[in-house]
Amino acid sequence: MQNLLGLQKLLSIPKDIVITSHRNPDGDAIGSSLALSHYLRAHGHTTYVMTPSEYPDFLEWMPGAGEILVHDIEPEDCDEKIKRADIIFCLDYNALDRIDKMGETIASTDCTRVMIDHHLYPDEFCDHMMSDITASSTCEMVFDFIEMCQDKPMIDKTMAEAMYTGILTDTGSFKYATTPKLFRIVAQLKEIGVDDDKLQDLIFNALSEKSLRILGHCLANRMEILPEFKTGIIWLTKEDYEDFDIKRGETEGIVNYLLKIKGIKVAAFIHEQPKITKMSLRSKGDFSVQEIATKYFKGGGHKNASGGASFIGLGGTIRKFKNLLPEYKEQLDAL
Ligand code: 5GP
Ligand code: MN
């Protein structure tokens with residue numbers, strides 16, 4: 001962290017603090033925001049956790065989740081709190097365009113901004129930047145931050161469970177981006193009292209009947225495998241969204257099923273929204289879907305998990321994706 005001492009000095013007296021994370025917040029965005037919020041409140045600060053759009057239902061059990069302010073729902077209230085804030089934390093994103101209109105308000109303020117993030121290629125819009133692309137999750141980095149502030153003894157069960165949630169979701173239950181350091185942190189969280197069996201159940205056994213039926217539809221009717229490119233695609237049409245009444249979050253994780261097929265190294269979940277076609281990309285090993293998302297779909301993320309969007313419709317987007325695969329054929333063959 002650049003100029004940690006300066007930030008610590010600032011935090012030595014109670015402040016008004018807004019904690020923000022990215023659009024379509026996931027377990028890591030919400031977990032890191034709530035953990036940091038509990039920690040800062042324990043120091044006497046006033047905190048507001050804010051997201052551009054709503055968080056998924058499977059996180060509603062988290063202590064503090066009920067107080068999260070959603071910019072899409074209450075834009076004036078959120079903007080006012082951002083303008084009044086002494087400090088704004090930016091968690092789990094590294095560019096203001098990841099938070100839409102909220103980003104415009106943040107850009108217009110001159111208060112202190114602090115980034116804690118683990119995505120590639122951060123933009124320079126914060127006064128204090130903690131950017132670590134080797135970290136499994138922003139939650140891991142919130143633990144690092146509290147440790148750097150020499151406050152590890154302050155971590156209670158509520159903070160520990162919030163951090164554990166983001167670590168669990170961003171690593172896919174310790175399947176990706178793990179390091180010896182992460183397991184040491186997780187051991188400490190467990191010592192603090194994290195009930196990991198309970199969290200696994202709350203987070204991963206929280207599907208609705210509808211979500212499981214949507215998954216069935218995807219696997220039976222909306223999947224194409226391209227063995228010559230070690231790639232699988234699942235798509236959903238606008239009509240699918242209407243027929244199944246699909247809501248935000250109900251397609252979470254579907255992309256990962258493609259990687260369960262032996263030999264498949266690249267997975268794309270392409271879904272048509274009213275105005276935009278969005279995609280989730282996943283890969284295994286050294287193959288970077290981040291490059292594809294950035295170069296072709298105005299997106300980004302991590303090497304093995306990225307996202308992007310296009311305005312050329314579902315069919316056009318699927319064709320564009322398939323047409324770019326030959327460019328990567330040699331790389332894919334080597335996997
Ligand atoms: P997901 O596929 O789960 O929505 O996102 C996977 C990863 O890609 C996340 O780390 C997320 O932050 C990133 N990501 C998803 N969509 C976009 C996008 O449109 N732009 C950028 N820069 N990153 C994205
Ligand atoms: Mn993350």
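In what follows, Ala, Val, Leu, Ile, Met, Phe, Trp, Tyr, Cys and Pro count as nonpolar, Asp, Glu, Lys and Arg as charged, and the others, Gly among them, as polar. This is a predicted model, in which local features need pLDDT of at least 70 and side-chain atom pairs count only at pLDDT 80 or more, while totals for chains, interfaces and linings use all residues. Residues are numbered from 1 along each chain, chains are lettered from A and ligands numbered from 1 as written, and side-chain values use heavy atoms without hydrogens or water.

Let's start with ligand 1. The shell around ligand 1 (residues with a heavy atom within 4 Å) divides into 1 nonpolar, 9 polar and 2 charged residues. Among them are Arg98, Ser280 and Gly308. Here are some polar contacts (N or O pairs within 3.5 Å):

| Residue | Residue atom | Ligand 1 atom | Distance |
|---|---|---|---|
| His119 | side-chain N or O | oxygen | 2.9 Å |
| Arg282 | side-chain N or O | oxygen | 2.9 Å |
| Gly300 | backbone N or O | nitrogen | 3.0 Å |

The protein covers 72% of the 500 Å² of accessible area that ligand 1 has on its own (Shrake-Rupley method, 1.4 Å probe). Strands here are DSSP E runs of at least two residues, and helices are H or I runs of at least four, numbered from the N terminus. Two or more shell residues come from each of β10 (277-283), β11 (300-301) and β12 (305-310), with β12 giving the largest share, 4 residues.

Now for a helix pair. The axes of α2 (residues 27-42) and α5 (residues 138-148) lie 8 Å apart at an angle of about 20 degrees; each axis is a line fitted to C-alpha atoms over the stretch in contact, and angles run from 0 to 180 degrees between N-to-C directions. The two helices, α2 and α5, are therefore roughly parallel (under 35 degrees).

Methods. Polar contact = N/O pair within 3.5 Å; in protein donor to acceptor, adjacent residues only side chain to side chain. Parallel < 35°, antiparallel > 145°, perpendicular 65-115°, else oblique.
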